[in-house]
Amino acid sequence: MGGEDAIFSWFKSAKPVEDTTERLERLEKGMRRLEEEWTEVYHKFRVLQMRVAKQVQRLDKNSSQEEPQAEGDGVVRTASSLSPRMQKIQEEILERRRRGASAGVVSKEGGE
C-alpha cells in the first residue's frame with residue numbers, strides 16, 4: 001500500500017493545470033511584446049543604415065570633388081580627412097566598383 005500513498009502524494013503536490021484561455025492570453029501578451037521589441041530594433045537599424053548611406057554619399061561627393069594627385073607608383077590618390085585604414089577600405093570599394101562597371105555589372109545598394 002506504500003505505492004498508492006506515493007501516487008496520491010504526487011497528485012497533491014502537482015501544480016494546478018493552467019486554464020487554456022489564461023495560457024493563450026499570456027502567450028499573446030508575450031508575442032505582442034516581442035513584436036514591439038522587434039519593431040523598435042528594426043527602426044533603430046533602419047535609422048543607422050540611413051545614416052551610413054548618407055555618410056557614404058557625402059564621402060563619395062567629397063572624394064569626387066577633390067583634386068587627384070598622381071604618385072610615383074601610378075596610383076591616383078585624393079586628399080582626404082579619412083584615416084589611412086579608412087582610405088584603404090575606400091580604395092578597395094572604389095576598385096570593386098570600377099571592376100563591376102567594366103564588367104557591366106550593376107550592383108544595388110541598400111540591401112532591399
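Predicted model: local features only at pLDDT ≥ 70, side-chain atom pairs only at ≥ 80, totals over all residues.
Colleague: Which residues form the negative surface patch, and why is Glu 22 called partly exposed?

Modeller: The negative patch is formed by Asp 19, Glu 22, Glu 25 and Glu 28, and Asp and Glu are the residues counted as negative. Glu 22 lies in helix α2 and has a relative accessible area of 47%.

Colleague: Why are Lys 44 and Glu 40 said to be separated by about one helical turn?

Modeller: The two residues are 4 residues apart in helix α2, which spans residues 20–65, and therefore about one helical turn separates them. As for accessibility, Lys 44 counts as exposed because its 54% is over the limit of 50%, whereas Glu 40, at 48%, counts as partly exposed.

Colleague: What makes the contact between Lys 88 and Glu 92 a salt bridge?

Modeller: The N to O distance between their side chains is 2.7 Å, and since the limit is 4 Å, the contact is counted as a salt bridge. Lys 88 and Glu 92 both lie in helix α3, where they are 4 residues apart, about one turn of the helix. Glu 92 has 34% relative accessibility and so counts as partly exposed.

Colleague: How do you know that Glu 95 and Arg 99 form a salt bridge?

Modeller: The closest N and O atoms of Glu 95 and Arg 99 are 3.6 Å apart, and as the limit is 4 Å, the pair therefore meets the criterion. These residues are also 4 residues apart in helix α3, so that about one helical turn separates them. Glu 95 is partly exposed with 32%, and Arg 99 is partly exposed with 49%.

Colleague: Which residues are linked with Glu 95 in a network, and how many salt bridges does the structure hold?

Modeller: Glu 95, Arg 98 and Arg 99 are linked in a network of salt bridges, and the structure holds 5 salt bridges.

Colleague: Why does Gln 90 count as buried?

Modeller: The relative accessibility of Gln 90 is 16%, and because buried means under 20%, the residue falls into that class. Gln 90 is placed in helix α3, residues 84–102, and, leaving aside residues up to four places away in sequence, it touches Leu 59, Asp 60, Ser 63 and Leu 82. For Gln 90 and Leu 59, which are 31 residues apart along the chain, the C-alpha atoms are separated by 9.2 Å.

Colleague: What percentage of the protein chain counts as buried, and how do its elements run?

Modeller: Of the 112 residues, 4% count as buried. The chain has 3 helices and 2 strands, running α-α-β-β-α from the N terminus on. The chain exposes about 10,600 Å², of which carbon and sulfur atoms supply 58%.

Conventions. Residues numbered from 1 in each chain as written. Heavy atoms only, no water. Buried < 20%, exposed > 50% of the residue type's maximum accessible area, 1.4 Å probe, protein only. Contact = heavy atoms within 4.5 Å. Patch = residues over 30% accessible without salt bridge, like charges linked within 9 Å, V, L, I, M, F, W, Y side chains within 5 Å. Areas by Shrake-Rupley, 256 points an atom, 1.4 Å probe, with all protein chains shown as cover. Charge placed at Lys NZ, Arg CZ, Asp CG, Glu CD.
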